[in-house]
Amino acid sequence: MKKILITGGSGFVGKYLASRFLSEKLQVTGIGTSLHHPFEPLGGKDSVPGAENFKWISADTTKEGAWQEDVSTADLVINLAGRNIFKPWTKKYKQAIHDSRILTTKYLVDAMETGKKPATLLSASAVGYYGDQGETLLSETDPSGSDFLANVCRDWEDQALEARNKEVRVCIMRFGVVLGAGGALSIMTPAFKWFAGGPLGSGAQWFSWIHIHDLYRAVQFLMGGADFEGVFNFTGPTLVRQKQFATALGKALKRPAILPAPAFMVKLMMGDLGSSLLQSQKALPQRLIELGFEFEYGEIEKALANIFNKL
């Protein structure tokens, strides 16, 4: 039975991946700062199928510790740990955003033994790597930006790639905004439900996104390709501007998308975080497409309709 270790295991993406792997009867170990098991039994029954194969470790992965002992027993490590970026970016919190990603990845790699388990590391990053690129069409070979998030992503990826020195296959997953029942959508939808939703700024900036089900399928795809390694944009194949996304979200919620948030107000209220939300990243999943991956939710309207129909 394949053993999978997931850092950031109680987060939006980590919990989704863990539940899907458990349904396939795989053994999953989740690590995170939460004190509580994310699949606590409900009414005497496990909350997800296969939860008996789940092990939870509560630990601060920015520090060395006993949690590292489980790294060498895993066949696959999926590294998702990182503080939520959708909070005010004080100087202290920016340091926490950085350290939660880079130090966790450093200690993961430190715990690996050359030529032994794990065979593969799938490590998260984000399209924020590219910075604000306007109308430029971005593939995995384009250079990084120079703002705060771009620097964090570059350091994050560089640290993960150190695992190659221990004969580990490394795949970097540059996520667009992950769409599903939680995560970023849980922050975006309340305004629309109160008829106060709309695009950010001009709405002309490009918005990179991926349905969480396709993210899971892309993870499976990389798991199954022994020769797949390097950087992969985890973004939908259909390019949309922020205004198009807001319109599609409003349609899925049966609400208008007519109240844009002026750029100066976004920056004034959210500071550096607001500036990052106004960035334009026109990122294509070029390598996944070239390798033959097919998206199930390749259009934004179909993706959002699927999510909200289920809810």
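**Exercise 1. Take an overview of the chain.**

Among contacts (heavy atoms within 4.5 Å) in the protein chain between residues at least 6 apart in sequence, 81% join residues at least 24 apart. The model is predicted: local features need pLDDT of at least 70, side-chain atom pairs count only at pLDDT 80 or more, and totals for chains, interfaces and linings use all residues. Numbering starts from 1 along each chain as its sequence is written, and side-chain values use heavy atoms, with hydrogens and water left out.

Step 1. Count the elements. The protein chain holds 10 helices and 14 strands. These are DSSP runs, numbered from the N terminus: helices are H or I with at least four residues, strands are E with at least two.

Step 2. Check burial. Of the 311 residues of the protein chain, 50% count as buried. Buried means under 20% relative accessible area, exposed means over 50%, and partly exposed lies in between (1.4 Å probe, protein chains only).

**Exercise 2. Describe helix α1.**

Step 1. Place the helix. β1, α1 (residues 12-23) and β2 make a right-handed β-α-β unit. Right-handed means that, with the strands pointing away from the viewer, the path from the first strand over the helix to the second runs clockwise.

Step 2. Check the span. The 12 residues of α1 reach 17 Å from first C-alpha to last, close to the 16 Å expected at 1.5 Å a residue. The expected span is 1.5 Å times one less than the number of residues.

Step 3. List the buried residues. They are V13, G14, L17, A18, S19, F21 and L22. The buried residues of α1 pack against β1, β2, β3, β4 (76-79), β8 (177-180) and α5.

Step 4. Look past the end. K25 follows α1 with a positive phi, near 65 degrees.

**Exercise 3. Find the nonpolar cores.**

Step 1. Take the largest core. Of its 39 residues, L17, F21, I78 and F234 touch the most other members. A nonpolar core is a set of buried Ala, Val, Leu, Ile, Met, Phe, Trp, Tyr and Cys residues joined through side-chain atoms within 4.5 Å.

Step 2. Name the top contributor. Helix α5 (residues 212-224) gives the most to this core, with 6 residues.

Step 3. Follow L17. Not counting residues up to four places away in sequence, L17 touches I6, I78, L80, L215, Y216 and V219.

Step 4. Find a core apart from this one. Another core has 20 residues, among them V77, L108, V170 and I172.

**Exercise 4. Work out the sheet around β8.**

Step 1. Order the strands. An open sheet of 3 strands runs β9-β8-β11, with mixed pairing.

Step 2. Explain the edges. β9 (182-183) and β11 (209-211) each have a single partner strand, so one side of each is left without a neighbour in the sheet.

Step 3. Pair β8 with β11. They are parallel over 3 bridges. In β11, I210 is the bridge partner of V178.

Methods: Pairing = 2+ DSSP bridges.
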